[in-house]
Amino acid sequence: MYSLRLALTLFLVVVMLAAPIASSLGEVPYYNDARYEPRDNPAGRYFRPLVGGIVVTIAIPGGDEPPEQPRGIYEPADTPYGRCTLGYPVKKLSTGKVGFIIAKHCYPTGVCYGYQPTYVDYNYIGQSQRFSYSVDAAFLETYARLSKKILHIYSPSGAYNLKPIKGKVPWNDQSYIDEVIYKTGYSTGTTSGILSAYYRYKNIGNRMLEYVVAITGMTSARGDSGAPVYWIHPEFGDLYVVGHLVAGSYSTKYAVHWQGPRAFLGVVPLTTG
Amino acid sequence: MRGRVERGVLVSLVMALLLLLSPLAIAANGSGPHWVSVEEKGHIVVVSIKPDKVLEDGTPVVFVNDKDEALLFFESGNILLDYAYQLAGVERGHTTRYTGLSYNGPGEILTARMASDGTLILLTEGEVDLEALKASIEGSSAKSVIIINVPFKSNVCATGNEEKQDAVLYNSFLAEVLGEVMCYPPIVVIDATKLRESGHSVDEVVDLLRSGLGFDNFYLFLVEDYFALAEEYGPEFLGPSVEGPSVSESQAGSPSSASSPSGDELRANEAGWGVEWAYVAIAGVGVGAFLATRFIKR
């Protein structure tokens with residue numbers, strides 16, 4: 001009988017030890033994640049000049065009710081389609097035109113129109129000029145003024161700053177592996193994760209994407225598509241562009257490195273450095 | 001008779017406990033996929049890929065038939081590094097860059113990370129001289145060292161040969177069978193099922209990747225039903241927050257999309273319940289054991 005009680009006591013001790021093991025399996029590290037409060041979302045506001053990390057309302061050609069008056073530079077009637085996030089500012093090398101990277105999967109047609117923040121004529125900011133499915137990117141050429149900055153929300157209360165883009169994180173640079181990187185998106189604000197791998201090709205939604213960066217432990221949701229992904233120098237606080245957010249699975253999110261749009265769209269990130 | 005019942009209860013409880021703990025124990029001990037090799041060389045632990053087969057031209061090949069192992073390609077950013085962190089008991093991201101190494105031997109140290117507990121984790125490429133490396137580490141604050149080593153140089157993700165790399169997708173049957181190409185370690189994933197269906201051989205694939213497309217060295221992973229698994233468990237595009245022509249001015253800019261969980265979050269919640277249920281099960285077994293103790297006392 002004594003041995004039975006001893007065995008059961010040992011059993012209870014083991015069970016108690018198992019609980020923290022089970023809980024540790026679900027832990028994901030986060031860093032200063034400033035997921036905004038619903039009523040105070042800086043990424044949803046009006047910004048002029050335009051910066052990366054803010055909402056863009058996408059409209060596509062083919063609205064049922066064309067406007068009675070021409071709406072500006074581009075005339076076709078358009079239909080509001082959804083909201084995504086303006087990526088990082090870029091310049092097209094061949095023409096010198098500037099704009100932003102957005103995610104191609106944010107619209108189903110060959111062309112789209114961007115409004116910031118809302119779908120109103122006077123919020124029209126520009127039109128997509130070129131896209132590529134291979135890097136899930138489109139070049140939204142903007143006529144509204146832009147600045148080489150990205151919105152960085154550093155507090156859940158919605159406090160933010162507009163950080164100048166100092167430089168670019170090189171493609172496939174292994175020294176950035178395991179570094180903390182950030183994204184600012186319309187839906188979940190500024191969140192962080194770990195740069196965990198580079199993929200030259202990655203099957204996402206059974207479509208082959210190129211120049212993919214894997215990020216673990218980062219929160220994101222629909223509407224964050226296109227969000228600029230960046231690294232902040234831990235000592236100097238300077239911001240360096242990594243790419244734009246496109247996809248995710250349970251624990252891993254995926255961004256396309258800026259090298260992808262450079263190769264497929266001929267655009268390079270605008271930096272101050 | 002009563003003794004038999006008591007013994008029966010006890011045996012049942014122990015078996016339930018073993019069943020409950022075995023997956024937890026596997027996770028806690030860091031049992032990795034069959035192709036991960038761990039060797040201790042002095043004070044240095046070397047983590048690398050152990051191929052199932054080496055082709056005549058030297059290409060290491062790994063066969064992945066197990067679903068859980070295949071899923072690592074979707075849920076693990078860098079498989080070997082994840083495993084090394086698990087082995088060290090360090091959480092990813094809880095390290096800092098380490099620049100105190102003065103290694104001048106052959107091979108290349110791609111990155112060095114130092115955990116707060118003194119674990120040094122290195123990514124290396126090429127034939128690294130472990131003795132020289134050990135000597136350079138001895139003067140540092142590193143308590144233990146884990147090396148993730150790829151013994152050969154690779155140009156799989158090198159810039160400058162994009163044209164050749166693009167040919168993988170556009171100019172051959174490889175487009176039908178290629179799953180993904182990871183940069184470090186250089187892993188090319190092929191859907192083994194599709195490859196069989198295409199009537200082509202592994203040697204043909206390697207020949208195309210090497211001579212036709214200019215890839216130097218890589219590990220070839222043949223994963224059964226990769227595309228089917230990718231469809232079910234792989235990553236998905238995030239998509240716009242509102243679809244269809246329902247965005248009005250009053251709606252646009254409102255944070256409604258943030259308050260309703262996306263598919264991504266729902267999946268996370270489901271997974272979270274896995275841990276919750278583990279708690280419930282552990283608590284249930286604990287209560288059962290307590291009641292059994294009371295029963296035996298009587």
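**Reading two chains**

Author: Let us begin with a loop residue: A:N206 sits in the loop that connects β12 with β13 (207-216) in chain A, where helices (H or I, at least four residues) and strands (E, at least two) are DSSP runs numbered from the N terminus. This is a predicted model, in which local features need pLDDT of at least 70 and side-chain atom pairs count only at pLDDT 80 or more, while totals for chains, interfaces and linings use all residues. Residues are numbered from 1 along each chain as its sequence is written, chains are lettered from A and ligands numbered from 1 in the order in which they are written, and side-chain values use heavy atoms, with hydrogens and water left out.

Reader: Are A:N206 and A:D136 buried or exposed?

Author: Buried means under 20% relative accessible area, exposed over 50%, and partly exposed in between (1.4 Å probe, protein chains only). A:D136 counts as buried because its relative accessibility is 1%, whereas A:N206, with a relative accessible area of 36%, is partly exposed.

Reader: Which peptide bonds are cis in chain A?

Author: Among them is the bond from A:R48 to A:P49, with omega near 0 degrees; A:P49 is placed in the loop between α1 (2-25) and β1 (50-52). The bond from A:Q116 to A:P117 is also cis, with omega near -5 degrees, and A:P117 belongs to the loop between β6 (113-115) and β7 (124-132).

Reader: What do the totals say about each chain?

Author: Chain A has 2 helices and 17 strands, and 65% of its 273 residues count as buried. Chain B has 11 helices and 12 strands, and buried residues make up 48% of its 298 residues. For contacts in chain A with a separation of 6 or more, 66% involve residues 24 or more positions apart; in chain B, 64% of the contacts between residues at least 6 apart join residues at least 24 apart.

Reader: Which residues gather in the patch of negative charge on the surface of chain B?

Author: Patches are made of residues with over 30% relative accessible area and no salt bridge, like charges being joined within 9 Å and nonpolar side chains (Val, Leu, Ile, Met, Phe, Trp, Tyr) within 5 Å; a salt bridge is a side-chain nitrogen of Lys or Arg within 4 Å of a carboxyl oxygen of Asp or Glu. Here the patch brings together B:E56, B:D203, B:E204 and B:D207. B:D207 belongs to helix α8 (residues 202-212) and is partly exposed, with a relative accessible area of 48%.

Methods
Areas by Shrake-Rupley, 256 points an atom, 1.4 Å probe, with all protein chains shown as cover. Lys, Arg positive; Asp, Glu negative; His and termini not counted. Charge placed at Lys NZ, Arg CZ, Asp CG, Glu CD. Contact = heavy atoms within 4.5 Å.
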